[in-house]
Amino acid sequence: MTLIQYLKDSMDTFQKLELKLTVFEADSYISYLANKYNAYIISNDSDFYIYKVPEYINFKDIIFPGNVEYETFEIKYYSYNNKQIYEHFGLMEEMMPIFGSLCGNDYVNLEHYKELKTYITRYKSKIIFKGINKIKTQYFKRIVIFLLQMYENVKHNNIENNENNKIQRNSNNINDINISSYEDLSNLQKLILEEIFKDTHNIIEEKHRFEFQKTLIDSVREYNPNRKIQKIINKVDIDKKLSKNKFLRMNEKILELYYSNSELPIKDHVSQITNDFGSFSVDQLINHFNLTKDTLPIFASLCGNDKLKITEFSRDFQNHFYSILKDENNNNNRMDSGSMYDYYRNIVNFISNIYDTIQMEKNDKNENELELHEYVYEENKLSPLQKMMNEKIVKNIFNDHLKKFYISVQRKFSKALNKSVIEYNKIFYEEPNNMNSFNKTNNENKNKSPTENETEIETEIETETKTKNPKELAIKAIIDKNEGDSFFCTNEFIKNRVFSLDEQVLESYYASDYNIKLLNILINDHFICIQYFEMIDKQNCWNITEDLRKEMYKIMFNLNIKHSRSKYSDNDETYVIKEFTRKGEDLSNNKLIIKTKEIDELSLNSTNERFIKYLTLFKCKIDDIMDLPYFIIPCLTSLRFLLLKKLETNSFIFNKENSLYSHLSNYIINNNNGNNKENSKRSQDDLNINKEGTQKNINDIKNEETITKLYDYEFEALLASCIAALSFTYLHTNSFLKLKESETDKTSMMTSSEYLIRNHIKKYVTVGYHNLYDDLRYNKSRSLQLIHPWSIECMEDINQLENSIQIYAEYINILNTNTNTLEALKLPIDLPEFRSFTSMYHFQWEQAFHCMVNPFKLSNEKNISSIFHNLFTVTILNNNEDNTSTINPTEYINYLCDLYNKMLTRLILNI
């Protein structure tokens, strides 16, 4: 979260910097963006060796200079693309997703299928494949051999079973999954996957077979570069430009047939057309290829489709056809050799030469130059130029070679070319709606007045709008504006949830002001409790906020989504959130049950109402935060919550003779209603009985969690470490004078009944809300620096250290839940100053906490001033001479100590 905060804050300085977010798996979305912007990907994720992206740079392959001098500063790196990878391994591009999956990724882990891993690592083929010995890693080499053998099996089966060049599913299929239903897999991928499943059918245990097959398929689909764009067009129709893209629609018709023949030389080029030029309009394609409206359909036809399939002709003719294209390219320098793939360039030059020939013939006959811009589409007809060009193409290919090819071959090619061009004329230039009556409608409109035409158009728009859900249209508009490929999903449940989201929440998410984990709750009904460093024999650090998270979920569904039935609930009266967390040494899931009625009963309208709700959830009141800087609020509320949760479980250990804590004994008695006495009398046998009343097994007892005790000195050290951490931002010496001026201003004083959070913030407006990028740039570091970082004294008592580690883990968890609650209540949306609390980095300094535990434990008077002076040194930057000249380190330390004492008093005495 701190990295996201840094990137988000950096956008205020660097206007060209954009932060893109995704709800689901990010790799394919990153690949999509890299291809869109022709950008490099820098990551340590090896999956990008597999994705088709311009270039991939692994972090480990970046070499920074040893001596940084501005004039000679140079960063060196190694970059890769998947073409280099699949050529190195001797694979085809389509096989790379399968290769990457078998190597292992977030989907597939062969360690879960040890028999299969052993089978592949020991796999031997009867065929000796060329170039295989250059692969140094044995595991990769065995996977490549395995895949190449599967490919050979596919070719062998295809020749035997398919004389008509059509793909037929093996009638003796023994696979557990019908792979033909996955439209986003190429036919070659389907065939290879089927072969893998057939070959390994008896290797994998039956109980794991379906899981493996489904996981492998999902992994391959994730790698497929065009998958998400294609599915958005076909299923969700989010991107308006792509939904109207005719060139991409054209390629949908031809890809399947091309993929069916793995030996087709131009197969890869056809897929590249879809991937590289799929987002272009017809006009953009014309300009890109230096073609015309007539010649673009011819170009597309010679690239191949179901009407004109070069591989249906003999191998001799295929070689002849490709040699003609190559010769044309060698004799023509019309195209820059680096501007497109060789195959595209060959076809463009071939077409352009024929076009020039026709123009020269016209000029020799003194005929007018063809009016290409007057091209008008006519159904099932070639344009005059297309007719001439097709005749010239056929003549050019066959005239000097009739002895080699029968006249029937020439007729077949000519007929297929004409049909193909006519088909592309339909796709490129025919209107999608009311196609056959397009010209007729235009003629009819000529006889109507402009007013009548405008009325009809408005009626059509109004009718179309009424047929769609306005909410869905609004969500689509937001996703479209933000290039929201991140919401791709074929799951109808999730898709419906996305279109039920509150627009403000979705906008905030794309602006990185709404946590992705929260959005996943709204969409998917589950929450992952990411573990901070903790002691596994202690109670899970997330347990302390379970009730708080439950309240947070209610608020989220009340404010942010028109909730339907939960996917984990079997009725409308309860809503269930599944949480994934740790229990003892094991990972488990926990279901939080919420009554739907409680969600609907919440009333949270104004900003102040939602802020008061926030304070209440963290067991605070307005009086607790009055006269304290607003940026202290998250720290104070988190510590108050921690303290009261420990008091409720009788796990706060304090000196009862200390006047500051003496009243807490009465609080425990009054609020626990004697539960502590009852709990203390429970026998060991009682502890070994679970909720169902049956005897617990050994593993249950082993995973029994112990509630972590909080000692008063740990609590005080935690508060002091928060103050010290704030010396990087709000309490930095650069802000010190402004902060003092704000606190002496009496104009904004108010009573609790008059309290408004906006006015509280205004009082400290000169301090401003902090930008993490600027903090690193101008503040450099914390104004307080530890004199002896990680002093050995804090590690001498191992039991104390372990307890403190767990306490800090709980505190971090409460901070995380704090920022999530703020976002759930939409407070950062209404109060921009709260956006700096996204990662709560202001209030975290674990090293300082551990270094202060012992001083607070051993100090009789617990003099915060002497502790600060003994542990820290003050660093004052010379950013502003007028400012620094008036700052006294002792005065600064004393201010921090006064703030500490005021906060401690509020935290303890106001209970």
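**Buried residues, helix packing and salt bridges**

T821 counts as buried, at 0% relative accessibility. Here, buried denotes a relative accessible area under 20%, exposed one over 50%, and partly exposed a value in between, computed with a 1.4 Å probe on protein chains only. The structure is a predicted model, in which local features need a pLDDT of at least 70 and side-chain atom pairs count only at pLDDT 80 or more, whereas totals for chains, interfaces and linings use all residues. Residues are numbered from 1 along each chain as its sequence is written, and side-chain values use heavy atoms, with hydrogens and water left out.

T821 is found in helix 38; helices (H or I, at least four residues) and strands (E, at least two) are DSSP runs numbered from the N terminus. With residues up to four places away in sequence not counted, T821 touches M552, Y614, L617 and F618, where contact means heavy atoms within 4.5 Å. Helix 38 spans residues 798–824 and has 27 residues. From its first C-alpha to its last, helix 38 reaches 39 Å, close to the 39 Å expected at 1.5 Å a residue; the expected span is 1.5 Å times one less than the number of residues. Just after helix 38, K826 takes a positive phi of about 60°.

K826 also takes part in a salt bridge, its side chain meeting that of D502 at 3.0 Å, N to O. This pair links distant parts of the chain, 324 residues apart: D502 lies in the loop between helix 22 (492–498) and helix 23 (503–510), and K826 in the loop between helix 38 and helix 39 (827–830). Both D502 and K826 are buried. A salt bridge is defined as a side-chain nitrogen of Lys or Arg within 4 Å of a carboxyl oxygen of Asp or Glu, and a search of the whole structure finds 23 of them.

D502 additionally caps the N-terminal end of helix 23, with a side-chain oxygen 3.1 Å from the backbone nitrogen of Q504. The buried residues of helix 23 are V505, L506, S508, Y509 and Y510. Their cover includes helix 21 (470–481), helix 24 (516–524), helix 25 (546–560) and helix 39. Helix 23 is followed by S512, whose phi is positive, near 60°.

Two further salt bridges involve partly exposed residues. E111 pairs with K117, the closest N and O atoms being 2.3 Å apart. The relative accessible area is 36% for E111 and 27% for K117. D218 and K214 meet through their side chains at 2.7 Å, N to O. These two residues are 4 residues apart in helix 8 (residues 206–223), and are therefore separated by about one helical turn. An α-helix has 3.6 residues a turn, so residues three or four places apart point the same way. K214 is partly exposed, with a relative accessible area of 30%.

Packing was examined for two helix pairs. Helix 27 (residues 607–617) and helix 29 (residues 633–648) pack at an angle of about 35°, with their axes 9 Å apart. Axes are lines fitted to C-alpha atoms, for helices over the stretch in contact, and angles run from 0 to 180 degrees between N-to-C directions. The contact brings F611, Y614, L615 and L617 of helix 27 against I633, P634, T637 and F641 of helix 29. By class, 7 of these residues are nonpolar, 1 is polar and none is charged. Ala, Val, Leu, Ile, Met, Phe, Trp, Tyr, Cys and Pro count as nonpolar, Asp, Glu, Lys and Arg as charged, and the others, Gly among them, as polar. Helix 4 (residues 96–103) and helix 7 (residues 187–199) pack at an angle of about 35°, with axes 10 Å apart. P97, I98 and L102 of helix 4 and Q189, I192, L193 and I196 of helix 7 make the contact, which comprises 6 nonpolar, 1 polar and no charged residues.

I577, in strand 6 (residues 574–583), is buried, with a relative accessible area of 0%. Among the residues that I577 touches are I521, F527, Y553, F557 and L592.

Terms used: A polar contact is a pair of N or O atoms within 3.5 Å; within protein, one must be able to donate a hydrogen and the other to accept it, and residues adjacent in sequence count only if both atoms are side-chain atoms.
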